[in-house]
Amino acid sequence: MAAKFEYDDEGSTFFYFLLSFQALVIIPCTYYFYPRSPKNSEKRDKTVCNCYNCNVKNNRLRSKEPWRKVKQRLIKFLLLVGWTILLLTLYKVCHLQHDYVAYDPFEILQISPDASTAEIKKAYRRLSLVYHPDKETGDQKMFIQIAKAYSALTDAEARKNWEMYGDPSGPGAMSFGIALPKWIVEKENSIYVLSLYALVFMVALPVAVGVWWYRSLKYGQDQVLLDTTQLYMYFIFKTPYMILKRVIMVISASMEFRKSCNSEIVERPSDNVEVPQLIKELPNLGEKNIEKPLCFGYSIKARAIVHAHLSRIKLSPNLEEDRLYIIKKFPYLIHEFVQSVSQLTMLALAGRISRTPNLQTMENAMTLCPCIVQGMWENKSPLLQLPHINEDLLRGLWKRNVKSVRHLASMKTQDRRVLLRHLNDYQYEDVMNVMGKMPLVDVHVKSEVLDDEDSCTITAGALVTVTATLFRRPMSSLFEDEQQAQGEDSDEEPLEEEPVVEQKSESQKKKNSKSNKKKKAKGGSQLKKKPAKSVPKKTANGSVPPPVEEKKEPHKKKRKEDDNSGAEGGSNSDSSLHPSSDEEGETPGGGDKKQAQDADDAEWDRFQAKVANREKVLEAKSKISHTVHCPYFPEAKEEFWWIYVINKKNHGLVTAPYLVTNLVKQEEVELKFTAPARPGVYTYAVMVKSDSYFDCDVSKTIKLDVKEAKVIDLSQVVWDVSEEEEEKDEEESAVSDSDLATDTGSDED
């Protein structure tokens, strides 16, 4: 059977291809490009603070995109046009007439399938008189179909072909439809089609892939140039200990600020005048340093602008434009600098390099990040992070010994308002709004050895997993009104106090049981009389024990006395301390089953937690947490947190810093390191540092009691081998023995 390929002359099948192509383009474009309402963080930026610097920043961000609304309307219009075309194409496809229709001679003759031969002939004569070509109403095509249908129903061979192949003429050639119009493959249009093909697949696609590959080779993480990372590695290895200004000097020499490496950098003739004037106003800038590239012009300019930003010096319009670009890049460069320090530290701990970077270098870089975000030096008061707080107002706060934002937030409302009496109501409201949104972070730490039977016991050389759970709450929880509201809530929910009462009762029970055991050990058989006398004494004195203890203790004593009846004094004392033989046969068995079930449940929960952690690692890292109040920073900033473990004895880095970018309310982080090789008690600290605020860092001290590693005797290990594997091993050993016997026999011959 021959195959026949047909192009779509009428364009019916081409509309299916067109519909699928339009859907593949319009639906993703709508998802990614449709203008959305601004984020909650942006709205919050406008409502939290209305100080002068915040208003200037918001106006600059709005004026940065003057055609934003026009672009949004244009995008909506284009998407509307695309969806209109898609719906019209869908309507066209739904109303297309299919080329292939099942051949039905009964339908052509307009009779029912159960018609007799006489009815078939009658219908044929009637339609022939109507559609005969010699008649005025004749139609040759229709007459041929009528004759073909009549033969299909009356001729035996034609009817057989129709029933088997669907056509009275018999099997025909198999046809394949191509969903392309025929004009695409015509000789006259072949030049245009080939030109378009070559332009898309031979020019545009290779150029796009080449540009992407070039950028991927040029940039590293967070779009930081690889040359910048190499520069950081060189200076960190050269000077393991860096003070804060030295860190500024190195980061200011990044290749992102060099014209030859970054086309976005603008060099103006006015820089030759404005930059030297700015340098004269800044002390201890280090402009006479002769190290390359720290002595280059772009590095000195960036360093001067950073110093001016931290000192809050007003710059000229040209330098202000450069400041916005440099300060915007600085947090990403600081993150890369911190990663470089941690990588070199881990290489030094592994013995790959000779010099170990000082931990203070990394912490100075971390301290520089909130300095850049808040626009102030690290030795300034953290109260300057609040709006409307100037040096004069700061002196009054220092006289009252208020030196931190947390101290100010925990004060009484009246005392706080008296301290800030120089502010009007609107300014005071700005201060309270900003202070209430600032973070308070608590850390809960748990150290264990995963994948071990006794996870709580840490042995020498084991892989220790420190699970740190970060809890974030706003500073407004320290306000007096919030504390009163929390107190009312706690009175309404007494369930929180119940565990404390239960713990006390259990501890009292333990103490009483210990004292009873000591008395029984001393008094022997006289212990039976003492409990009977002690019970009424307690009630006579008026000390009312908990009702649970009053009901349960007499029953326990009666049951013990009944079980131990007929025994002597010494045996009575022993039997009062231990259950009877029958109970020993029942309770331990049930206890073992319960313990095994609890162990299985705990192991299953641990396995589920591992699976959840692995899935969490594979998920994309979110970078949305809480918006930072930073009027001196060019753009909106989210709260990020560094968390790492240090050794408090030698003040050395133990784990690489992990950057938490999605701390909204609670986040769990796992930090892993190898336990010391020698047994002993070691003191570590889990450090949590903010990259956006001062006076928000948290540290948690942990002590690890490292035990000596267990020596495993392989001879006593019971290997879990199935019977099938044992049979296979025996067969293989027998075959090897037979082969060995034949080999030795051949050698003797």
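User: Let's start with Cys369: is Cys369 buried or exposed?

Analyst: Keep in mind that this is a predicted model. Cys369 is buried, with 0% relative accessible area. Cys369 is in no disulfide either, as the nearest cysteine sulfur, in Cys371, is 9.1 Å away.

User: How many disulfides does a search of the whole structure find?

Analyst: A disulfide is a covalent bond between the sulfur atoms of two cysteines. Here the search of the whole structure turns up zero.

User: On to the rings. How many aromatic pairs are there?

Analyst: You describe a pair of aromatic rings by the distance of the centres and the angle of the planes. The count here is nine aromatic pairs. One of them is Phe296 with Tyr298, a tilted pair with 6.4 Å from centre to centre and 50° between the planes. Phe296 is partly exposed at 26% relative accessibility, while Tyr298 is buried at 13%.

User: And why is the pair of Phe673 and Tyr684 called tilted?

Analyst: The planes of Phe673 and Tyr684 sit at 45°, with the ring centres 5.1 Å apart, so that pair is tilted. Phe673 belongs to strand β9 and Tyr684 to strand β10, so the pair ties together parts eleven residues apart in sequence. Both Phe673 and Tyr684 are buried.

User: Which charged residue sits over the ring of Phe640?

Analyst: That's Lys637, whose charged end is 4.5 Å from the ring centre. Likewise, Arg355 lies over the face of Phe237, 5.7 Å from the ring centre.

Terms used
Residues numbered from 1 in each chain as written. Predicted model: local features only at pLDDT ≥ 70, side-chain atom pairs only at ≥ 80, totals over all residues. Heavy atoms only, no water. Phe/Tyr/Trp six-rings, centres within 6.5 Å; stacked < 30°, edge-to-face > 60°. Buried < 20%, exposed > 50% of the residue type's maximum accessible area, 1.4 Å probe, protein only. Helix = DSSP H or I, 4+ residues; strand = E, 2+ residues; numbered from the N terminus. Lys NZ or Arg CZ within 6 Å of the ring centre and 35° of its normal. Disulfide = S-S within 2.5 Å.
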